[in-house]
Amino acid sequence: MNPRSVPWAQLGPLLALLFASGFFAATTEHFFSGPNLSLILQQVTVVGVIAIGQTLVILTAGIDLSCGMVMALGGIVMTKLAVEAGLPAPLAVLAGVAVTTLFGLANGLLVTRVRLPAFIVTLGTYNIAFAVTQLYSGSQTVTDLPAALTALGNTFTLGGTEVAFGTVLMLGLYALAWFVLRETAAGRHVYAVGNNAEAARLVGIPVQRVLLAAYALAGALYGIASLLSVARTGVGDPNAGQTENLEAITAVVLGGTSLFGGRGVVVGSLLGALVVGVFRNGLTLMGVSSVYQVLVTGILVIVAVAVDQLSRRASQ
Amino acid sequence: MNTSRPARVVLQATGLVKRYGHVTALDGADFELRSGEILAVIGDNGAGKSTLVKALSGALRPDAGEIALDGRRAHFRSPLDARRAGIETLHQDLAVAPALTIAENLYLGRELRRAGFAGRVLRMLDKRRMRDESAARMAELQVGIPSMTQPVETLSGGQRQCVAVARAATFATHVVIMDEPTAALGVKESAMVLDLIRRVRDRGLAVVLISHNMPHVFEVADRIHVARLGRRCAVLNPKKTAMRDAVAVMTGALPPERIPAECVA
């Protein structure tokens with residue numbers, strides 16, 4: 001096999017996942033048990049779904065630093081509307097997803113119409129979303145949620161192992177994103193825009209519309225992640241999303257999607273999210289304090305970006 | 001092309017004017033492209049050749065003057081308009097998305113969808129057909145690239161340019177405009193692209209070749225349009241004209257009225 005045709009970008013995250021799993025399986029007792037693996041999957045649903053949206057944005061050569069904060073705002077909107085305004089759960093969920101989609105749309109409009117760098121725009125909306133979440137919730141956790149809001153946290157038994165509905169939803173969303181990005185013209189246009197926006201424009205691809213759609217869709221996905229987060233924790237938490245923000249970007253980059261845009265596979269982001277999840281879970285099993293888990297995430301993202309950068313330099 | 005019967009005029013412009021503030025980029029420029037020919041457009045910087053080409057490819061609208069395609073007046077409001085009319089333009093350096101495959105690049109922006117439910121409802125691409133058609137086009141134009149599924153970035157610069165030329169030739173029905181297609185290429189690679197340009201012409205398309213490279217122009221052009229001071233200053237026959245005389249016309253050292261009659265095409 002020609003060394004250039006080996007898909008290192010896709011094999012890398014798989015190897016990292018196998019290596020991390022092997023390490024924790026050897027050093028802890030319960031890592032490779034059905035319940036623990038199911039738990040890891042449940043723990044990565046929120047980061048995993050945010051990472052789909054983040055992948056879309058990064059493929060267009062952008063970045064969305066606001067993802068975790070927008071997700072937290074969506075959760076507060078859903079829970080407050082359901083609990084305090086007494087809105088039926090489906091409407092409350094829709095309202096929450098609408099708010100996160102609007103945030104995504106705002107990011108997209110500022111990037112395309114005002115032509116601001118995505119990095120700065122989303123750093124701004126990160127802070128705006130955080131402040132709005134705190135103001136709207138009064139920094140208070142929303143409790144006593146109706147059962148419908150936490151339904152995705154429920155589980156069913158599959159081959160003796162409990163599987164959460166949220167896990168199934170996440171896997172379904174990955175399958176959908178994989179299909180659209182790979183099999184449709186719209187998906188290929190996302191790659192073309194991130195790879196060479198000028199060439200895409202010259203062949204008649206509506207570059208601005210592709211970018212706007214990527215940011216707005218990412219926002220909608222953060223809204224779905226809000227629901228997953230609410231279902232997992234059972235409350236509306238105004239301080240949610242703070243670790244998910246960096247973890248989602250880490251997952252995407254670990255998954256082999258290039259920060260320079262136009263290269264990557266969305267399924268890689270799932271592998272990346274699993275790597276992050278396995279580290280968290282394994283370190284917890286080893287009794288390592290959660291501060292070290294944050295430390296490890298920080299190191300992982302830098303290593304992943306360095307690999308991306310170096311492989312890009314090597315191919316030039 | 002030395003055919004006895006006069007060739008049909010495919011693309012014609014008369015009296016094009018384009019002003020940018022106080023600067024007049026086009027000052028009543030004329031242009032005539034015949035079927036099945038390679039017309040080189042040469043000119044010093046600021047002679048108005050890129051403005052002329054932009055007007056012909058729909059990238060800008062002239063302030064005055066007329067453009068006719070196949071004898072009918074044409075109003076191109078955008079590059080898309082010109083493309084729909086059958087004029088494909090190959091822009092310098094910007095033509096391909098390196099991470100996408102050859103087949104994807106060939107069909108970028110004009111993807112083929114599958115028939116039936118998969119195409120209409122699921123909007124699935126017909127990857128196999130795009131791959132097969134790409135391979136057929138490449139074979140037709142004798143571009144020696146084995147696999148249509150390799151990313152364009154794995155190709156040499158010359159092969160990349162060949163992909164871009166092949167794309168333009170595949171979708172053009174009348175005219176292919178190429179802006180400096182050999183600018184960044186070495187000797188062998190340039191020869192490969194120039195050969196391909198000839199084959200595009202031999203398939204019946206009219207080619208406009210903008211180039212600074214005089215040896216390349218003289219190697220492939222059937223006629224040479226010399227732009228100067230926003231107008232067409234002469235059309236030369238490369239078989240009868242010395243390269244240094246063409247440069248002299250271009251720079252103004254040789255006034256148009258003193259060009260020997262046999263050099264004019």
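## Where the chains meet

Together, chain B and chain A bury about 1800 Å², and 57% of that lies on carbon and sulfur atoms; buried area here is the accessible area (1.4 Å probe) that two parts lose on being put together, summed over both. This is a predicted model, in which local features need pLDDT of at least 70 and side-chain atom pairs count only at pLDDT 80 or more, while totals for chains, interfaces and linings use all residues. Residues are numbered from 1 along each chain as its sequence is written, chains are lettered from A in the order in which they are written, and side-chain values use heavy atoms, leaving out hydrogens and water.

On the chain B side, 23 residues are in contact (heavy atoms within 4.5 Å) with 20 residues of chain A.

## Charges across the interface

You will find 3 salt bridges between chain B and chain A, each a side-chain nitrogen of Lys or Arg within 4 Å of a carboxyl oxygen of Asp or Glu. One of them joins the side chains of A:R263 and B:E153, at 2.8 Å from N to O. The side of chain B that touches chain A has 12 nonpolar, 3 polar and 8 charged residues, with Ala, Val, Leu, Ile, Met, Phe, Trp, Tyr, Cys and Pro counted as nonpolar, Asp, Glu, Lys and Arg as charged, and the others, Gly among them, as polar.

## A sheet in chain B

Chain B also holds an open sheet of 4 strands (DSSP E runs of at least two residues) in the order β2-β1-β4-β5, with antiparallel pairing; strands pair if DSSP finds at least two bridges between them. Its edge strands are β2 (23-34) and β5 (72-73). Strand β1 (residues 9-20) of chain B is joined to β2(B) by 9 bridges, and B:V17 stands opposite B:D27 in β2(B).
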